[in-house]
Amino acid sequence: MHIRRTLTAAATTAAVTALGLTVAAPAQAAEYSSALKIKGVQYDAPGRDSNKCSGGNTKNEYLTIKNYSKTATVNLKGYKVKDAAGNSFTFTKNHTLQPGDQVSLRGGRGTDSDAGNVAYRQNCNFIWNNDKDTIYFYKPGGARADVHSYTKKANDKDGNGYITYHG
């Protein structure tokens with residue numbers, strides 16, 4: 001005769017704790033361990049899409065990254081943004097965000113400005129798809145800082161091309 005024993009999650013946790021063992025946090029929890037997070041994305045630039053460097057509207061497609069720390073100043077140098085197709089941008093210049101500060105990473109060409117809270121990808125091609133995409137945000141060492149997937153239908157109820165993730 002076999003006796004089947006099942007343990008509840010609470011009982012398992014209590015047993016592990018009693019033995020002095022630690023349980024690793026799920027990998028997903030590490031995604032949000034960064035002070036810097038994606039605040040929102042203007043994935044569909046207003047108007048008709050035109051990726052011309054002169055007169056195009058790629059500068060109106062942008063990703064907003066915010067420093068949610070209450071005390072730490074963070075330098076964006078080395079952070080990387082990537083989409084589902086592998087298009088990417090790495091911050092190669094110093095750009096510091098004070099606690100509560102944010103930066104808009106815009107398409108197109110322009111002059112980065114700490115004071116103006118803007119950085120440009122220096123690329124006139126759109127990076128975010130207008131129907132759906134996934135935005136990956138990585139720390140300089142390669143660890144994931146934040147990630148968000150969207151579809152126009154599910155996430156952009158007002159149809160303005162902008163989605164907010166972290167308020």
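Colleague: Which residue in β11 is the bridge partner of Gly40?

Modeller: Thr164 is the partner of Gly40 in β11. In β2, Gly40 has Thr64 as its bridge partner. This is a predicted model: local features need pLDDT of at least 70, side-chain atom pairs count only at pLDDT 80 or more, and totals for chains, interfaces and linings use all residues. Residues are numbered from 1 along each chain as its sequence is written, and side-chain values use heavy atoms, with hydrogens and water left out.

Colleague: What makes β1 and β11 a strand pair?

Modeller: Strands are DSSP runs (E, at least two residues; helices are H or I, at least four), numbered from the N terminus. Two strands pair if DSSP finds at least two bridges between them. β1 and β11 (residues 162-164) have three, in the antiparallel sense, so they count as a pair. β1 (36-42) and β2 (62-67) have six bridges, also antiparallel, so they pair too.

Colleague: Why is β1 called largely enclosed?

Modeller: Six of its seven residues are buried, so the rest of the structure largely encloses β1. Buried means under 20% relative accessible area, exposed over 50%, and partly exposed in between (1.4 Å probe, protein chains only).

Colleague: Is Ser50 buried or exposed, and why?

Modeller: Its relative accessibility is 18%, so Ser50 counts as buried. Ser50 sits in the loop between β1 and β2. Beyond its neighbours within four places in sequence, Ser50 is in contact (heavy atoms within 4.5 Å) with Gly56, Asn57, Thr58 and Phe126.

Colleague: What makes Asp44 and Lys152 a salt bridge?

Modeller: The term needs a side-chain nitrogen of Lys or Arg within 4 Å of a carboxyl oxygen of Asp or Glu. Asp44 and Lys152 meet at 3.7 Å, N to O, so the pair qualifies. The two are 108 residues apart: Asp44 in the loop between β1 and β2, Lys152 in helix α3 (residues 152-155). Asp44 is buried at 18%. Lys152, at 37%, is partly exposed.

Colleague: How do you know that Glu61 and Arg121 form a salt bridge?

Modeller: Their closest N and O atoms are 3.8 Å apart, so the pair meets the cut-off. Glu61 lies in the loop between β1 and β2 and Arg121 in the loop between β8 and β9, so the pair ties together parts 60 residues apart in sequence. Both Glu61 and Arg121 are buried.

Colleague: What makes the phi of Asn117 worth a look?

Modeller: Most residues other than glycine have a negative phi. Asn117 is not a glycine, yet its phi is positive, about 50°. At 24%, Asn117 is partly exposed.
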